[in-house]
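Here is a briefing on one chain, grouped by topic. Keep the structure open while reading.

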Amino acid sequence: MDGIENKLSDYIDQLNAEKKPDVHEDFSDSPELEELFAVVRMVRTLKEPTFPDEDYHRRLVRVVHKQIKEKGSAPKPKKRWVATLAAAAAVIMLAAMLNFNLLFNRNNIVHAMEEAYQEVKAYHGILEIVEINAEGKKTRQAQLEVWADKEGRYYLKEIEGLNPGLVTVNNGQKKWQVRPGERQVYIFPAFPDPHRFTFELGKEIREVKNALETKIIGEEVISGRKTSILEVSPAGGVPYRIWIDQGTNLPLQKQSGIQNGLQYRVAYKEIDFVDAVPVELIAYSLPTGFEEVDTNPEQLVTSLEEAGEIVGFTPKLITSVPAGYERDLLAVDTQQKIIKIYYVSQDKENKVVILQGKAVSKFEPGTRAVLGKINDNIAEIQSPIEGNLGILAGGGEYAGVTDIKSIRWQEGGFEYAVVGNASLEELVLFVKGFTDGEVQIPAEGGMQKPEIEVSVDLEIEENEQKSVDGGHSPWKLDPAYVAQVFVSLKIFPDGIQGEYPIKEGDLQIIQNTGKEAIVEISGDKTPIRRVYLKRLIRQDSTGIWTVVGYDPVDKQ
């Protein structure tokens, strides 16, 4: 490359590294270089990674040519026109280069985090949690000693906070909590684990990878380590920042966005990477003088025959275990008479459990669940699990665990559920290996069109989404509730006083793909028979539902 190209390349590299270029205010070399630098800074402000459409090049040439002509109408030599074309081509190349570099840098740092975590076996650190109010006042909430490994085992001890001395342990087979103030030890199921510790490295890396947008916004020294600051826009919720140690390529600090005037910062003040969590820390023993409180009705068994004798029925077996998984544990909920067969991925990061028990009531899917079909039976799909219904109520504490998904259905007098922190696609493979019929997740079939369409103001809906992201009006995440409010306001357009005229029992979700839903209204008070809804702003579990149409009651 010639001198100008080298300087231009260095200028772009320094901008992409979020640094002020050395020649930012010194353009004595060349007026042409000054113009190119100005173009680079302008292109640098483009959103990432938006690529130009097919006609962009031609439009750009026309615009550049027009701007040059407007500078003066005097005839220009042919050489000048050739230079103009070259400048336009350079702008196109710069735009593509910058967009590529921005995308590459983002993907590169996420890839580096994944590669670095692959080398981690376990880690030990001191974790600090700080609350920051709207005025910027910082209050330390807790300080924890953390031992954790990639198989999900951990040991936590609260050094400072509301419960100093509190110890929480999960060794993969049992979870327990030692409470010195009460002189008691509480026993919980090892999985699902709804109350793990905050800022778990593997989970943080997965969330960054799955974010809608991630960009490097600067650098900072944290706990004596040089870090890159990433701004992360998750699929749902408020953007947050995470600091990545440039030496290890692993997360070191995280700061939430502001919600209700507060934000939280968690950081490893110290962290070391080790071969394993010390065995003595994750081996269960009841301290002298302590009482054991067993909240876990789960009993491990050695065979399916033993499990069948306890629950009173012969368990059904999976015929094909998905690749990369193997059977781990076999347990029985002795109170609810539910059999639980655990499977674990080869890297020990994902767990899936198949629950089966006798159906004790009519199948009722959750109002926020996507609907599918298994062997022509309605299936409830929750991603993540929003409510513990049916066999999930007796199978463990699943609701509210953000990375736990489930598929639940009834068939032949029994109720089944496949639950895990694996992807929904992997859960479907477990279902297909467990049942002998057709699996439709979600149910196939196009959505019907409403008789009467409802106009929608997208700007209002976007503001409503932001409000829900901030913790307000969570009912807008439930299509049944949104339909209930809509129909009730049709009955009382001046406002609802007291109870809703349309009751929960009058509502039935007859179709829900996760993006579109239809709610059927029964009863003699309703002027509307069906309400049609869509997730217009965000098509995942964090997206609000909007009424887009309805069918009036047939008066004949």
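## Salt bridges

Glu-160 and Arg-140 pair through their side chains in a salt bridge, with N to O at 2.8 Å. Glu-160 belongs to strand β3 and Arg-140 to strand β2, so this pair ties together parts 20 residues apart in sequence. The model is predicted. A search of the whole structure finds 26 salt bridges.

- Glu-160 counts as partly exposed, because its relative accessibility is 31%.
- Arg-140 is also partly exposed, at a relative accessible area of 38%.

**Arg-538 with Asp-469**

- A salt bridge joins Arg-538 and Asp-469, and their closest N and O atoms are 2.9 Å apart.
- This pair links distant parts of the chain, 69 residues apart.
- Arg-538 sits in the loop between β25 (528–534) and β26 (546–552), while Asp-469 is in helix α9 (residues 458–469).
- Both Arg-538 and Asp-469 are buried.

**Lys-534 with Glu-516**

- Lys-534 and Glu-516 form a salt bridge, with the closest N and O atoms 3.6 Å apart.
- Lys-534 is in strand β25 and Glu-516 in strand β24 (residues 516–521), so the pair ties together parts 18 residues apart in sequence.
- Lys-534 is partly exposed, with a relative accessible area of 34%.
- Glu-516 is partly exposed, with a relative accessible area of 26%.
- Elsewhere, salt bridges with shared partners join Glu-128, Arg-140, Glu-160 and Lys-269 into one network.

**Nonpolar cores**

- The largest nonpolar core holds 34 residues.
- Tyr-123, Val-146, Phe-197, Val-208, Leu-230, Ile-242 and Tyr-268 touch the most other members of this core.
- At least two core residues come from each of α4 (78–118), β1 (122–133), β2 (138–149), β3 (154–160), α5, β8, β9 (240–245) and β11 (262–274).
- Helix α4 supplies the largest share, 5 residues.
- Apart from this core lies another, of 29 residues, including Ala-307, Leu-330, Val-332 and Tyr-416.
- In soluble globular proteins, nonpolar side chains tend to be buried together.

**Contacts of Tyr-123**

- Leaving out residues up to four places away in sequence, Tyr-123 touches Val-146, Trp-147, Ala-148, Phe-197, Glu-200 and Leu-201, among others.
- Its contacts also include Tyr-268, Ile-271, Asp-272, Phe-273 and Val-274.

**Cis peptide bonds**

- Phe-191 and Pro-192 are joined by a cis peptide bond, with omega about -5 degrees.
- Pro-192 lies in the loop between β6 (184–188) and α5 (201–209).
- Ile-441 and Pro-442 are likewise joined by a cis peptide bond, with omega about -10 degrees.
- Pro-442 lies in the loop between β21 (439–440) and β22 (452–453).

- Ser-223 is not a glycine, yet has a positive phi of about 50 degrees.
- Ser-223 is in the loop between β7 (213–222) and β8 (225–233).
- Its relative accessibility is 32%, so Ser-223 counts as partly exposed.
- Lys-348 is not a glycine either, and has a positive phi of about 70 degrees.
- Lys-348 is in the loop between β15 (338–345) and β16 (351–358).
- Lys-348 is partly exposed, with a relative accessible area of 28%.

Notes:
Residues are numbered from 1 along each chain as its sequence is written. This is a predicted model: local features need pLDDT of at least 70, side-chain atom pairs count only at pLDDT 80 or more; totals for chains, interfaces and linings use all residues. Side-chain values use heavy atoms; hydrogens and water are left out. Helices (H or I, at least four residues) and strands (E, at least two) are DSSP runs, numbered from the N terminus. Buried means under 20% relative accessible area, exposed over 50%, partly exposed in between (1.4 Å probe, protein chains only). A nonpolar core is a set of buried Ala, Val, Leu, Ile, Met, Phe, Trp, Tyr and Cys residues joined through side-chain atoms within 4.5 Å. Contact means heavy atoms within 4.5 Å. A salt bridge is a side-chain nitrogen of Lys or Arg within 4 Å of a carboxyl oxygen of Asp or Glu.
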